[in-house]
Amino acid sequence: MTAFVARRLLFAVALVFVVSSVALLLTRLAPGDVTAELGPFAAPEEIARARARLDLDRSPLEQWALWLVRAGRFDFGDSFLYGRPVRGLVADAAGNTAILAVVALAVATALGIPLGIVSGSRRGAAAAIIRSVSLVCLSLPPLLTSLLLVFVAATTRWLPAGGMTSVETLDGGWGTWLADVAIHLPLPALALALPIAATFERLQAQSIAEALQQPCVTAATARGVAPREIIVRHAWRVSLRPICGVYGIAIGALLSGSFVVEFVTAWPGLGRLMYEALRARDIYLVAGCAAMGGLVLAAGMMIGDLLLAIADPRVREQESL
Amino acid sequence: MLAGAGALIVLVLVLRSPSSEEPAAPAIQRGGQVIASLRSEPRSFNRLVSRDYATEILTLLTQGRLARINRATFELEPWLAEAWESSADGRTHTLHLRPGVTWSDGTPFTADDVLFSLQAVFDPKAQSVLASTLLVGGQPIKGTAPDAQTVVLTYAAPSGPGLRLLDNLPILPRHKLQTALAAGSFVSAWNNTTPPSELVGTGPFVIREYQPGQRVVLDRNPRYWRRAPDGGALPYLDRVILEIVPEQNAELLRLQAGDLDLTSSELRPEDYVPVRAAEEQGRLRLIELGVGTDADAFWFCLKPEVKQGKDPRFAFVRQPAFRRALSHAIDREAFAETVFLGAAVPVWGPITPGNTQWFRPDLPRYAHNDAVATGELSTLELADRDSNGVLEDANGTEARFTVLTQRGIGTYERGTAVLREELAKIGVIIDVVPLEVGALIQRLLACDYDAIYYRPILTDLDPAGNLDFWLSSGSGHFWNFGQKTPATEWERRIDTLMLEQAASLDPERRRQQFGLVQQIFAENLPVLYFAAPRLYYAHSTRLRGVVPSVQRPPVLWNADSLSVTN
Amino acid sequence: MRRAGLALVALIALVALAAPWLAPNPPDRTFSESLYAPPTRVHLFGGGVRGPFVYQQRLLSRLERRFEDDVSRPVVLRWFTGGRFVSVPDGEGPLLLLGADARGRDIFSRLVHGARPSLALALAATLAALVLGALVGGVAGYAGGLVDDLLSRLTEFVLVLPTMYVALSLRAALPLVLSAGAVFGLLAAIFTLLGWPVVARGVRAIIASERERDYVAAGHALGAGPWRMLVRHLLPSTTGYLAVQATLLLPAFILAEATLSYVGLGFPDTVPTWGTMLQEAANVSLLGQAPWMLAPAAAIFLAVLGVNLSVQGRGRAPVQLEP
C-alpha cells in the first residue's frame, strides 16, 4: 500500500514538473506576450520594462532554467496581472476552487449514482425521464447552463446571483463567513455538477444493467432474494469499475476549476485564474496554475485508483495493495 | 486672528444667503451605499504606474487633482487648487492651493505633496506611465513652492491645453510614498497587497478593503474637503462597493435583478431591449450618454519597410485613391443600422460628433456610390480582367486581403460582415480572421497583417493629448508606427500642424489648425471610419445626482454628488 | 427502444445530407431587415390564396426589435422550386422558420446546414477516440506491471496537458486562413487526443479486473495468444462502457468545437456549426423573448438521444425493481 502511494506521489511530482515546464515554454512560444495588457499603443520603454520584469528579454531556455532554480525554493515568480507573488495567488484560488469542487462532487455523486441505478435497473417512465434529463444536461454547453442558472437566481432572488461572499461579511466573524459562502455555493456547484452527474448517471445505468445480466444475479433471483438487495449487495459493487476509472478524472477536473462556470458566476477560483493568466500571457502565473492543475489531477486520479481497488478485490490483488 | 474669524463669519453668511433664494429642492438623502461593477481587478492602487481601468476608477474615487475637467461641460474646474494666474507667454502658472485640505489620515495637504507627485511622474526609476502625457515641448513640467499654499509650474514651451494637463495628474501623499520613491521601489509601492490604511487620499472615498477576486469596498472620507451646495459635507453616500463581475451577460442579469446599481461600461446594442423592458417595469433607468467619442476603424498596414517590394498589393494599397474608393463603397447608413442596430451616426474621420469641442462637420465626406468607387479604382489600373468578381491590377495581383479583428465582440463581427459584403460588390474580397486579443496586438505591432478592423481608444479628447496618434513618429500612429522621418508628404504636413497646434495658446487658432489636420487626414484616408455608436447606459432607479458622461466611467466620475433614495 | 434510436439517427443523417435542399435560404445569407426576427408564422388557410402562405415581415425598429406582419400581402410558399424543398420568391419574405440570429441569418437553414460539420466531426473524433482508447486501455489492463504503469502515466500526462495552451500555440503555428477541410482534420485530431485518455482509463479498469476471471485462464490454457485474448475475448466485455462513452463524447465534441473556435481554431465564419450557434445565444436576457435561439441545443439533444438509444438500448433485464 505504501509502495503504491509512494510511487504515485513520485510520479505526481514528476508530472507537475513536466506539465508546468511545458506550459511555460508553450506560453513563451505562443504569439503575443504580456505587453498586450498595456494596450496597443504603449511607449516602447514601457514595453521593454514590462518584458524585463518577467524575464522575457532572456532566451526561453534561460528563463526556464531561472524559473526551475527559483521553484526549488518555492518561489514561483510574480504575476504581472495581479502584482503579487504567484504562490499566494494560486494557493488562494485553489482553495476557493477546492471548496466548490468538493461540494460539486458530492452533489454529482448524490444525484448521478442513485439515479443511474434507478434508470439502469428498471424500464418505464422513470428511466426514460432520467435518461432524457441527463442527455439535456450533456447537450447544453456550460456557458449556457451557468447563465441560465444565474438568470434563475437573479429573477427569483432565492440565491445570490454570483460571487463567493457578500459585502456584509466584512464586519462579521467566521460563522458569518461560512454561512455566507454556503448560500453562494449552490449556484456554481450546480452548474459544475449537472454535466458530471449526467455522466455518472449514464455510466452507472449501463454498468448496472450489465451487472444485472450476470449469472450470480439470476441465481439470487431464483433463490428468492428481494430485488433491492440484489442490486445493492451483488450488482452494484461490480458495476462501479468503470465509474471509478472516470471518478479520478472528475475529481481532478473539478479541482483544477472550470473556467466558464467561475467566470460567469464570478467565483474567484483556479479555473478563472488560469484562463486570465493564459489570455494575458502572464507567464509565471501560467506556469504556477499549470503546476497546481497538474498536481490536483494527479492526486485525483490516484484517489480514483484507490477507490477502484477498494471496490474491486480482483484489482486489489494484482496491485498488491 | 479676530479679523480672520470675523471675515470667516461674513464669508459663511454671504455663502449661505444665495441658497435661501433658490426654490426648495427635494432633500437629498444622506447615507446608503451604491454597488457598481468592475470587469477586472486593480493591478495596483498607484495611478502613476498603472493605467488599467480599475486603477483609474479607484483613483477617481480616492484621489484628487489640482484642477479637474468636468466631464459633462468639459470646463476646467478648480479642485485642490482654488485659483491660478498664468503668465502672458503661457509658460508660468501660479496656483493657489485650497486652504484647510487634509489627507484622509489627517496630515495637512501642502505644496510639498504637489512637488512630490511631479517628481515621481518624471523620475525614470519610478517608471511612471503618466510621464508622456505630462510632457510639454518634450520636457517635464517643473514646479517650485514659494510657500506651503502656492505652487509655481513652469512649462518648457507654450502649451495649447495649458492647465488642462493637470487633470491627468493625481496628487499622491508625500508622507506615505516618499521613502519608496527614494529607495527606487515606487513602481511596486501601493500594489494591491498594500493594507488599506496606507492608501490615503484627498478624494471623497477611502478604500476600506480589497477582497481579491471579489470586490473593493470604499467608505466615505470624513475629511473630504468639498462641500455640498447647502454647505453640508460631501459625499452623500456612506459606501461605494466595486463588485468584480467578469462576464458581461451575467453583469446585465444582476443589474436587472437589482444586485448592481451601476455597470462598468455602456450597454451593447443588443442589450437595449431587455433593459427597456426593465425600465418599463420601473426597475431601471435607461439614459443616452451621447455619441461615443471613438469609432470602429479599418486600416491597412502602410509601413514601407515591411510591405514595399514584398507585397505586390502595396503598390495600389498605398495610394490614397484606393482608400477613397473603399470609403465610397460603404453605405454608412446601412452600416449604422446593421452593426449598431440603428443606434449610431455615420462618421468619416477619427473625431466624432461626441467630441463636441473638436468635431468639424464640414470635412470631406465620401458619399455611398459604387460607380465612383469603381472609377477611382480604375485610375489605379484595377479592373476585373478575368471576370471572376475580383479586381486585379496590371500585373494580375488580386485585390484580396485578410482582415484581422478581435474575436468575441458583436459589433466587430457584424462590422466585418458588412464590410465583406459591401466591398465584394466593387470587387475587393476580404477574408475575416477573428483572433484573440494577444495575438491581434502582436501582429499589429509587427505589421504582420494586411488590414485590421478594431476600435482604438484615443485617450484624450484634446488632440494635443493624442500626439502619439497624430505624429508620424508616435507609438499610436498605428498604420505606420514610430517613423524616423515622415514616410509621406501629407504626414509631414500633419506633423508640423500638430506640433504648432499643441504649442499655440489661442483656442481659435488651435481649432483652425486642427481642422486643417482633419482635412488632410480625410483626403488621404490612412484609416477608414464608418459609424460612431450612440451610447446607452442603465442604472438603478435609486440613484440621484447622476451626471452622465460619454467618457468612462459614465457616472462614477462625479461620485461625490451621488445619492440614493429608498 | 433501439429501433427508435436508429430511426432518429437515420432521420438526422438524412436531414444533414439533404441540407441544401431542405433549407429555405443559404446559411450565410444575411437579411439586414431581420435581425433577431421571430419565426415566420405559416398560415394554412385563408388570406384568399390557395395553399399555405406567410405574410411578409416589416421592420418597425431595429433597436427595439419590433416587427410587424404585412397582412395585405400574403406570400404563397413555393414547393420544389429552385432546388429547394420550400421557399419564397426573392424579395418577399424572408421565410424564417426558426427566426433569425443576431446578424439576420436564418436559424433553420443554419441548423440543417450545421448538422454536417458538427456531426461529422464529432462522429469521426468519437470513433477514433474510442478505438485508440480501447487499444491503449486494453493493453494496459491486460499486460499489467510496467507496461500498465507506463501507459497509465502517459494517459494521465495527456489528460493533464492544458488544452488551451496547446490550442493557442497551434493557432500561432498555422497559417491564418485555413480551408474547411484542413480545419476538420485538425479538429478531429485534437478531439481524438482529448478523448482517448478518458476511454482508456475506463477500459483499463474493466480489463484489469476481467483479467482475473476464469474464462481468461481457460483461454490461456488452450493456448490463445495475448492479442487474440485481448481483442476477441476481453475487449467485448467493454462494449457497454464504450457505448456509453460514445454518448458522452459526442455532445462534448460538438460543444468543444465552439470553445476551440473561440481561440481561432474553428471552422471559418461562413460554415455554421451547432456549437457556435449556441454560443451566440449566450445573451440570456434575450432568450426570454427569443427562445428559438436555443434550437441548436434541441438538435444536439436529439442527435445524442438517437445515438444513446441505439447503443444503450438493452434486452430484458431479468431483475427489475417493481414500481
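In chain B, strand 5 and strand 6 (residues 92-97) run antiparallel and are joined by 5 bridges, where strands are DSSP runs of E with at least two residues, helices are DSSP runs of H or I with at least four residues, and both are numbered from the N terminus. Two strands are said to pair if DSSP finds at least two bridges between them. Within this pair, Glu85(B) stands opposite Thr94(B) of strand 6 of chain B.

The model is predicted, and for that reason local features need pLDDT of at least 70 and side-chain atom pairs count only at pLDDT 80 or more, while totals for chains, interfaces and linings use all residues. Residues are numbered from 1 along each chain as its sequence is written, and chains are lettered from A and ligands numbered from 1 in the order in which they are written.

### The sheets of chain B

Another open sheet of 4 strands in chain B has mixed pairing and the order 1-12-11-10. Strand 1 (33-38) and strand 10 (205-211) of chain B stand at its edges, and since each has a single partner strand, one side of each is left without a neighbour in the sheet. Its twist averages 20° from one strand to the next. Strand 10 and strand 11 (residues 215-220) of chain B run antiparallel and are joined by 6 bridges, and Tyr210(B) stands opposite Val216(B) in strand 11 of chain B. Helix 2 (residues 53-62) of chain B lies across strand 1, strand 10, strand 11 and strand 12 (239-244) of chain B, and runs at about 145° to strand 10 of chain B.

### Two helices of chain B

Two packed helices are described by the angle between their axes and the distance between the axes. The axes of helix 3 (residues 111-122) and helix 4 (residues 174-183) of chain B come within 10 Å and cross at roughly 35°. On the side of helix 3 of chain B, the residues Asp112(B), Asp113(B), Phe116(B) and Ala120(B) meet Arg174(B), Gln178(B) and Leu181(B) in helix 4 of chain B. By class, this contact has 3 nonpolar, 1 polar and 3 charged residues, where Ala, Val, Leu, Ile, Met, Phe, Trp, Tyr, Cys and Pro count as nonpolar, Asp, Glu, Lys and Arg as charged, and the others, Gly among them, as polar.

Chain B has 16 helices and 22 strands, whereas the secondary structure of chain C comes to 12 helices and 4 strands.

| Chain | Span of the C-alpha atoms |
|---|---|
| Chain B | roughly 95 × 55 × 50 Å |
| Chain C | about 85 × 55 × 40 Å |

For the 566 residues of chain B, a compact globule would have a radius of gyration near 24 Å, which agrees with the 26 Å of chain B; the radius is taken over C-alpha atoms, and the globule rule is 2.2 Å times the number of residues to the power 0.38. For chain C, a compact globule of 323 residues would have a radius of gyration near 20 Å, but chain C has 25 Å. Of the 566 residues of chain B, 48% count as buried, and buried residues make up 46% of the 323 residues in chain C, a residue being buried if 20 or more other C-beta atoms lie within 10 Å of its own, with C-beta atoms placed from the backbone.

### What chain C touches

The contact between chain C and chain A takes 52 residues from chain C and 56 residues from chain A. Helix 9 of chain C gives the largest share of the side of chain C that touches chain A, 9 residues, and by class this side has 35 nonpolar, 10 polar and 7 charged residues.

Towards chain B, 22 residues of chain C are in contact with 29 residues of chain B. Helix 9 and helix 11 (284-287) of chain C each supply at least two residues of this side, and the largest share, 3 residues, comes from helix 11 of chain C.

Methods
Contact = placed C-beta atoms within 7 Å. Buried ≥ 20, exposed ≤ 12 C-beta atoms within 10 Å, placed from the backbone. Axes fitted to C-alpha atoms, helices over the stretch in contact; angles between N-to-C directions.
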